[in-house]
Amino acid sequence: MNYTFLGKKTLVALCLFLIFPIVIMSILAFFSADPLNGKTSLSLSGFRELLTLLRVNELLKISGRAMIVCLSATTISFLISYALILYTSKTFQSIFFILITLPFLANESVRVFSWQYVLSENGLFNQVLSILLRHQVTLFNGSNSLNVYLVMILTCVPFGIFINSASLQTIPGIYWKASNDLNINSFGKFYKVALPLSKFAILASIIVIFFISFSLSGEVNFLGGDSKISIRNLVLSLMSASKFQAIFVLGFVTVLCLLVLATVYRTFNLKSTKTLK
């Protein structure tokens, strides 16, 4: 690694500064404070709180929603990335990347609140569907969770596009040239070249998008109908019940899962690289 710009010591200090809150959170996950006596003691009450039936059901619903979103967004983003890298010019790619980045410059609440109007009973999508089908359609409304899934997928697709496009760009040109010489069609290139050589990027996309969608809450709050279960609302409910240790436990477990998945990904990636060599 080149340390010319920052210097090794500066880089190490920066990393320590960035992980400091995570370390504090991990420590506090195992300690409970007693405000009356002013004492702090080792405790697993935070873990017990998250293992209650109510909390487990909430986390399962949030995780299940995140899994559906990450698999859908990764599939869509990979197909878009494949078409983008193989069949468009560099200029078009640059403009496209800029355009899919622009929505993130707006405040999350403003962006999602705008979607609420687009997906309302009299919103744009229902009007377009009604015109196409020539009768009144109310597929989208404020009483179901379809709006949540749709907006969360659209929100996460750009992240997958960046990851998968970067991976497809690193595939050596000889593979595409050989497939052209063999007269392999577009589906064959996708199935025999793009897909196998991008499997680790796809896995990385699934992991990244899962944790992004796991933490998304604005979509649930504005579009969720009767169900408002999200990480933000879960944390707020724990705060209102003064279950602060459980909040630290939730963060600790989430970071731990991310580290485990990152380690597994890196291990298999290194093994695959050695095999190829």
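User: Why does Ile 163 count as partly exposed?

Analyst: Its relative accessibility is 22%. Buried means under 20% relative accessible area, exposed means over 50%, and partly exposed is in between, using a 1.4 Å probe and protein chains only. Ile 163 therefore falls in the middle class, partly exposed. A word on the source: this is a predicted model, where local features need pLDDT of at least 70 and side-chain atom pairs count only at pLDDT 80 or more, while totals for chains, interfaces and linings use all residues. Residues are numbered from 1 along each chain as its sequence is written, and side-chain values use heavy atoms, leaving out hydrogens and water.

User: Which residues does Ile 163 touch, not counting residues up to four places away in sequence?

Analyst: They are Ala 201, Ala 204, Ser 205 and Val 208, where contact means heavy atoms within 4.5 Å. Ile 163 and Ser 205 are 42 residues apart in sequence, yet their C-alpha atoms are 6.3 Å apart in space. Ile 163 lies in helix H7, residues 146–169; helices here are DSSP runs (H or I, at least four residues), as strands are (E, at least two), numbered from the N terminus.

User: And Asn 164: is it buried or exposed?

Analyst: Asn 164 also belongs to helix H7. With a relative accessible area of 0%, Asn 164 is under the limit for buried, so that is its class.

User: What makes the pair Asn 164 and Ser 77 a polar contact?

Analyst: Their side chains are joined at 3.3 Å. A polar contact is a pair of N or O atoms within 3.5 Å; within protein, one must be able to donate a hydrogen and the other to accept it, and residues adjacent in sequence count only if both atoms are side-chain atoms. The distance of 3.3 Å is therefore inside the cut-off.

User: How many residues has the largest nonpolar core?

Analyst: It has 38 residues, and those with the most contacts inside it include Leu 50 and Ile 231. A nonpolar core is a set of buried Ala, Val, Leu, Ile, Met, Phe, Trp, Tyr and Cys residues joined through side-chain atoms within 4.5 Å.
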